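Biologist: Hi! Could you walk me through this one?
Modeller: Happy to, let's have a look together.

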Amino acid sequence: MIYYSDNDILIRTILASDAKTICEEEIAQGWNQTEEKYHMRIADHASGKAISLVAEYKGNVAGYINVYPNSEWGAFANSGYCEIVDFGVLEKYRRHGIGSRLMDIAEKIAGEYADTVYLGVGLHSGYGSAQRMYCKRGYLPDGTGVWYGEEVAEPQKEYCNDDDLVLYFSKKLLRE
């Protein structure tokens, strides 16, 4: 299914072949990645648990995003809110509006299910551009503090500043 198309950007449903392409590109940019994560998203999409999208830029796979209606994880688990999970734009395709367009579509999809959408964003510098973008889009910290994995991080306890150390943000959606 195609969700958006213009002269440069196409946003469509994820395909099985996208897992290998995305994984290879992320490894090439220095990320520690496996195809397993993308196959899980594809399976979640096929089962109706998620809406998983890929963005193409001038015909090349350039980014991805997943929307989980009534997500089972994080600060708003099982609350009836949608969670945006695994959002990324490959480095060589950044600064072309792909991320903004993916977020626009994800928020539109989320709005079909709930009036609030949420996401977790990592705290290390690799997430800096995402942190800024979410704030510009109106996302606010949820007030539960920092999480590590599936639990609120305990005060005074040490945690690794890896991809599992996150702050949750939410946004009220304007429903049409």
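Biologist: Great. How many helices and strands does the chain have?
Modeller: There are 4 helices and 9 strands in the chain. Keep in mind as we go that this is a predicted model.

Biologist: Noted. In what order do the elements run from the N terminus?
Modeller: The order is β-β-α-α-β-β-β-α-β-α-β-β-β.

Biologist: And what about the overall dimensions, what does the C-alpha trace span?
Modeller: Along its principal axes, the trace spans about 50 × 40 × 30 Å. The radius of gyration is 16 Å, which agrees with the value near 16 Å that a compact globule of 176 residues would have.

Biologist: How much of the chain counts as buried?
Modeller: Of the 176 residues, 45% are buried. As for the surface, the chain exposes about 9,600 Å², and carbon and sulfur atoms supply 49% of that area.

Biologist: What share of the contacts join residues at least 24 apart in sequence?
Modeller: That share is 61%, counting contacts between residues at least 6 apart.

Biologist: Let's zoom in on helix α2. Which of its residues are buried?
Modeller: In α2, which covers residues 36-46, the buried ones are Y38, R41, I42 and D44. They sit on the same side of α2, because the arc they cover around the axis is only 160 degrees.

Biologist: Nice. Which residues are exposed on the other side of α2?
Modeller: Those are E36 and A46.

Biologist: Back to the buried side, what do those α2 residues pack against?
Modeller: Their partners are helix α1 (16-28) and the strands β3 (51-57), β4 (60-68) and β5 (82-89).

Biologist: What about the backbone just after α2?
Modeller: G48 is found there, with a positive phi of about 85 degrees.

Biologist: New topic: E107. Where is that residue?
Modeller: E107 lies in helix α3, which runs over residues 98-111.

Biologist: Buried or exposed, and why?
Modeller: E107 is buried, because its relative accessibility is 10% and buried means under 20%.

Biologist: Which residue does the E107 side chain join in a polar contact?
Modeller: The partner is R137: a polar contact of 3.0 Å links the two side chains.

Biologist: What else does E107 touch, leaving aside neighbours within four places in sequence?
Modeller: Besides R137, E107 is in contact with Y139, K171 and L173.

Key: Residues are numbered from 1 along each chain as its sequence is written. This is a predicted model: local features need pLDDT of at least 70, side-chain atom pairs count only at pLDDT 80 or more; totals for chains, interfaces and linings use all residues. Side-chain values use heavy atoms; hydrogens and water are left out. Helices (H or I, at least four residues) and strands (E, at least two) are DSSP runs, numbered from the N terminus. Buried means under 20% relative accessible area, exposed over 50%, partly exposed in between (1.4 Å probe, protein chains only). A polar contact is a pair of N or O atoms within 3.5 Å; within protein, one must be able to donate a hydrogen and the other to accept it, and residues adjacent in sequence count only if both atoms are side-chain atoms. Contact means heavy atoms within 4.5 Å. The arc is that of the directions from the helix axis to the C-beta atoms. The radius of gyration is taken over C-alpha atoms; the globule rule is 2.2 Å times the number of residues to the power 0.38. Accessible areas come from the Shrake-Rupley method with a 1.4 Å probe; for residues, only the protein chains shown count as cover.
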